[in-house]
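Morning, everyone. Please look at the screen while I talk. I'll start with a term, then go to the chain.

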Amino acid sequence: MTDVAVAGYATSGFAGETDKSGNELVLETNMAALENAGVTHEDLDTVMFTGQDPYDGAAISDGQKIATSAAYRKPIMRIQSGGGVAIHQARAKIRSGKADVVTVVAADFVTADPTTLSWSSHEALYHRPFGMNNRQSYGFFTQNYLDGSDVTREDLAATAAKNYEAAAENPTAHRREGYSTEAVLDSDPVVGPLTELMLGPMSYGAAVLVLVDEDVAAELDEVRGWVGGTGQATGKYKYRDMDDRLHQPTLRDAASTAYDEAGIAPDDVDAAEMATYAPSFELLGYEALDFCADGEGPSLVHDGTTAIDGPLPVNASGGPLATSPPNSGGVYRAIAACQQLEGELGRQNADRVLLWDNDMHLGEPARTDAVLIFEEASA
Amino acid sequence: MDTELDESVSTEEVNPEYKYPFHWDLDFSLNIGEVNRRFFDELEEKRIMGTRCPECGDVFVPPQSVCVECYTKADEWVEVEQKGILESYTVCFFEFRKMPEPPYVTGVIRVGDSATCMMHFIEEIEYDDPMELVDKLEKGQAVEPVWADDRDGDIFDMDHWRLAE
C-alpha cells in the first residue's frame with residue numbers, strides 16, 4: 001500500500017465571529033490549500049467534508065459547497081465524527097487505490113448556541129429532559145475524576161493556563177490573552193468544577209488539508225509531512241461504569257492501532273495536539289496515550305513536560321480551550337501538527353506529532369476517537 | 001419544547017450589515033417503542049423495572065432492548081430496588097432551556113443492581129453558597145426516588161431523587 005503525505009494545507013485563522021459566508025470561507029481556504037500543495041482542482045479525485053448540519057443551519061449543508069470546494073462531479077463524502085476521522089478515512093481511500101489526491105474540507109460560519117445544538121444530539125427520553133448537553137457531560141466526567149483521585153481544581157486550571165500560554169504565541173488561535181491559572185480559577189463557574197476558561201469558546205473559520213499518495217508526493221517539490229499511522233474507535237452511548245469512562249478505552253484502542261501502524265512507541269512522539277474540551281480530558285489523555293503511568297497526568301503539567309517549551313509539548317496550538325471550531329477543529333489540529341513538523345508552530349522542530357481528535361464537542365457519550373501519527377519523513 | 005406549532009423556518013429580521021438571522025422550530029414525534037412504554041407504565045404505578053440480558057445476566061435501568069456486550073435481546077423484565085448509588089453528579093450554574101433555576105444538580109444514578117445508570121435531578125440538598133454544592137455530594141452515596149403525586153407515565157413520575165435516609 002502507498003504511504004500518504006500531507007501535500008499542503010490552509011486555514012483562515014479563527015475568531016469569535018466571521019463576516020464571511022460559508023462559501024466564501026471554503027473558496028478562499030480551499031484555493032489556498034491547493035496552491036500550498038502544488039496541485040490543481042483537476043488533480044483532485046475526492047473531497048471529504050467534515051462537520052454537522054446543525055452547526056451549518058442547513059440540512060445536507062456539504063451539498064451547498066460543491067462548487068467552492070472543487071467537488072463538482074467528484075465522489076464526495078461527509079464525515080460527522082470530526083476531522084481526525086475524516087483524515088483517517090481519506091488516507092484509507094488513497095491506500096485502497098480509489099484516489100490519489102483527496103482534500104478534507106471544513107468550515108464554521110453560522111452563529112448558534114452550541115450547548116443547545118449539543119442538547120438536541122442527546123438521547124430524547126432519558127437525557128434531554130435533564131438538559132444533558134456537552135458541558136454537562138464534561139462536568140460529569142470531571143467531577144468523577146476529581147472525586148476518585150487527588151486531582152484538584154488548581155490542577156485543572158494549571159492545565160488550561162498551559163494551553164493559553166501556547167495560544168498566546170499562535171497567530172491562528174482564537175483566545176490569545178494568555179490567561180493565568182488564577183484567571184482560569186476566577187472565571188465564572190459553569191458546570192461542576194469547570195469554569196468558563198476551562199471550556200472552549202465557539203470559534204469560526206475554515207481549514208483544508210490536502211492528502212496525496214506517494215507517487216504524487218514524489219512529483220511535488222516538497223510535502224508538509226506524512227501520515228504514518230491512524231486508529232479509530234467508538235464507545236457506548238449509555239452511561240455505564242463511570243470509572244470505565246475515565247479510563248477512555250476508545251482512546252486507548254485508537255492509539256494502540258495508530259502506534260502499531262506507525263511502528264512506533266509512545267516515547268517516539270515528540271509533540272501532540274489533542275481535542276481536549278476540558279482539562280480533565282487532557283490529563284487523562286496523557287495516561288491513555290501512555291505518555292505517563294495511570295494517575296500521573298497532572299505531573300506532566302507541573303514539571304513542564306507538556307508546556308510549549310517542554311520536551312513533549314501538548315497543544316502548542318493552544319488546543320480547543322483556545323480555539324474550538326466544531327466543524328473544522330480536527331482539520332485545524334492536523335494542520336497544527338504539520339506546522340510543528342516544519343518548525344512553524346511551537347518552539348521546537350518535531351519529527352513526529354500525535355493528533356488525538358474526537359467528536360466530543362457534542363458531548364462525551366458515544367464518543368468516537370481518532371489517533372493519527374504525523375511524521376516528517378516517509379516510513 | 002414549545003408545543004405551539006410554528007413555522008419550521010422563519011426569518012425575524014435581516015441585519016443590513018452581514019447577518020441573516022433565522023431559527024428552526026421543527027416539530028418531531030418520536031416512537032418511544034414497547035420497551036420504554038413498559039418502563040413508563042410501571043413508573044406510573046411507582047415501580048422501577050429493568051430489562052435483563054439472558055446471556056450475561058446484566059440488568060439495565062433505564063431498560064434497553066439489547067445487551068451491548070453480548071449483542072443479545074434483553075427481553076426479560078425484573079423489578080429493581082428503589083435505591084440507587086450516585087455514580088457521578090454535576091452542578092449546573094447556567095440557565096438552560098426549561099431546566100430548573102440554577103444552580104441545580106443532575107446525578108448519574110445506578111438504580112438497584114443495574115449495569116447502566118440513569119440520569120435524574122438530585123434535590124433536597126441544603127446549602128448557603130451555590131459553590132458549596134460542588135463539594136456537597138460524593139460518588140457512592142445512596143439515593144432514593146421521591147415520587148410525584150400526579151403521575152403521567154414519564155420520567156418525571158419520579159419527581160426527583162434525594163440522599164437516602
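First, the term. Two strands pair if DSSP finds at least two bridges between them. Keep that in mind. Also, this is a predicted model.

Now use it. A:V101 stands opposite A:V212 in β7(A). A:V101 belongs to strand β4 of chain A, residues 101–108. Eight bridges join β4 to β7(A), and the two run antiparallel.

β7(A) has another partner. Strand β1 of chain A, residues 4–11, is joined to β7(A) by seven bridges. That pair runs antiparallel too. Here A:A5 stands opposite A:V212 in β7(A).

Next, β7 itself, residues 205–213. How many of the nine residues of this strand are buried? Nine of the nine, so the strand is largely enclosed by the rest of the structure.

What about the faces? In a regular strand the side chains alternate between the two faces of the sheet. In β7(A), both faces are covered. On one side sit A:G205, A:A207, A:L209, A:L211 and A:D213, all buried. On the other are A:A206, A:V208, A:V210 and A:V212, buried as well.

Now zoom out. Chain A has 14 helices and eleven strands. Of its 379 residues, 63% count as buried. Its C-alpha trace spans about 55 × 45 × 35 Å along the principal axes. A compact globule with 379 residues would have a radius of gyration near 21 Å; chain A has 19 Å, which agrees.

Last, contacts. Take those between residues at least 6 apart in sequence: 78% join residues at least 24 apart.

Note on methods. Residues numbered from 1 in each chain as written. Chains lettered and ligands numbered in written order. Predicted model: local features only at pLDDT ≥ 70, side-chain atom pairs only at ≥ 80, totals over all residues. Helix = DSSP H or I, 4+ residues; strand = E, 2+ residues; numbered from the N terminus. Rg over C-alpha atoms; globule rule 2.2 N^0.38 Å. Buried ≥ 20, exposed ≤ 12 C-beta atoms within 10 Å, placed from the backbone. Contact = placed C-beta atoms within 7 Å.
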